[in-house]
Amino acid sequence: MVVFPDGYGARETIRQMGDRVADMGYVALVPDIYYRAGDWAPFDPDTAFTDPAELDRLYGCMGALTNDRIIADANAYTDFLLNRPEVTGAAVGTTGYCFGGRMSMVTAGGLNGKIAAAASFHGGGIAVAGDPSSPHLAANKITATVYVAGAQEDRHFTPEQAELLENALTEAGVDHTVEFYPARHGFAVTDSPVYDADAEARHWAALRTLYAAHLG
């Protein structure tokens, strides 16, 4: 299982989420998505969007991850997992949060049969009209079952974008669910300023159901 972190990157909070995935009985990998930045300093969710210098650094790290780089990295992550002796089967699952939700969707469209189940929670930029890099444009390449949970209060994934994604996945014949939780962007991550315990619990239940049905 690949657990893509939110835009703040891999840190103890996300590693703990990886541990919870492992507790479900899966091998979980939490990648350092910003490894190209070298020895980068962790982002503080409380200040990353209020400190102009930190905001520039954050957007710089996120902007460096083009779809091609996301797919190349994800290919390495999945190969690593599939070659582990304790991993069975020919495909893996993914989940992602915020920017990681977008990465999960890009991965589903880029790796085809290597991904059996892909989830995105409060993901942004996953269905943007007029954006040639929008993940929804690769819907016809997705073979995974897709679960997308947006936040009702989230300008990064609006009802109009949800409809665009829904239509793209339906037309491509992708088994999917797209829904909204009554929460704000960032609801599932415990160190987020808008963390929502009820929405987090719902997200874990959805993951268990998705993975049990498609990964065993």
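A: Leaving aside neighbours within four places in sequence, A127 is in contact with S134, H136, Q161, L164 and L165, where contact means heavy atoms within 4.5 Å. The model is predicted, so local features need pLDDT of at least 70 and side-chain atom pairs count only at pLDDT 80 or more, while totals for chains, interfaces and linings use all residues. Residues are numbered from 1 along each chain as its sequence is written, and side-chain values use heavy atoms, with hydrogens and water left out.

A127 sits in the loop between strand 3 and strand 4 (145-153); helices (H or I, at least four residues) and strands (E, at least two) are DSSP runs, numbered from the N terminus. With a relative accessible area of 1%, A127 is buried, a class that means under 20% relative accessible area, with exposed over 50% and partly exposed in between (1.4 Å probe, protein chains only). A127 and E166 are 39 residues apart along the chain, and their C-alpha atoms are separated by 9.2 Å.

Strand 3 is mostly covered, with 7 of its 7 residues buried. S120 belongs to strand 3 (residues 115-121) and counts as buried because its relative accessibility is 0%. Not counting residues up to four places away in sequence, S120 touches G96, G101, R102, M105, I126, Y147, V148 and A149. One of these, V148 in strand 4, stands opposite S120. Strand 3 and strand 4 pair in the parallel sense over 5 bridges; two strands pair if DSSP finds at least two bridges between them.

Among the bridge partners, T94 has A118 in strand 3. From strand 2 the chain crosses through helix 4 (residues 99-111) to strand 3 in a right-handed β-α-β crossover, meaning that, with the strands pointing away from the viewer, the path from the first strand over the helix to the second runs clockwise.

These strands are part of an open sheet of 5 strands, ordered 1-2-3-4-5 with parallel pairing. Strand 1 and strand 5 (176-184) are the edge strands, each pairing on one side only. From one strand to the next the twist averages 10°, where axes are lines fitted to C-alpha atoms, for helices over the stretch in contact, and angles run from 0 to 180 degrees between N-to-C directions.

Helix 3 (residues 67-82) lies across strand 1, strand 2 and strand 3, running at about 145° to strand 1. Helix 1 (residues 12-23) has buried residues that are covered by elements including strand 1 (2-4), strand 2 (92-97) and helix 6 (197-214). The buried residues of helix 1 are T13, I14, M17, G18 and V21. They cover an arc of only 145° around the axis, which puts them on the same side of helix 1; the arc is that of the directions from the helix axis to the C-beta atoms. Just after helix 1, G25 takes a positive phi of about 105°.
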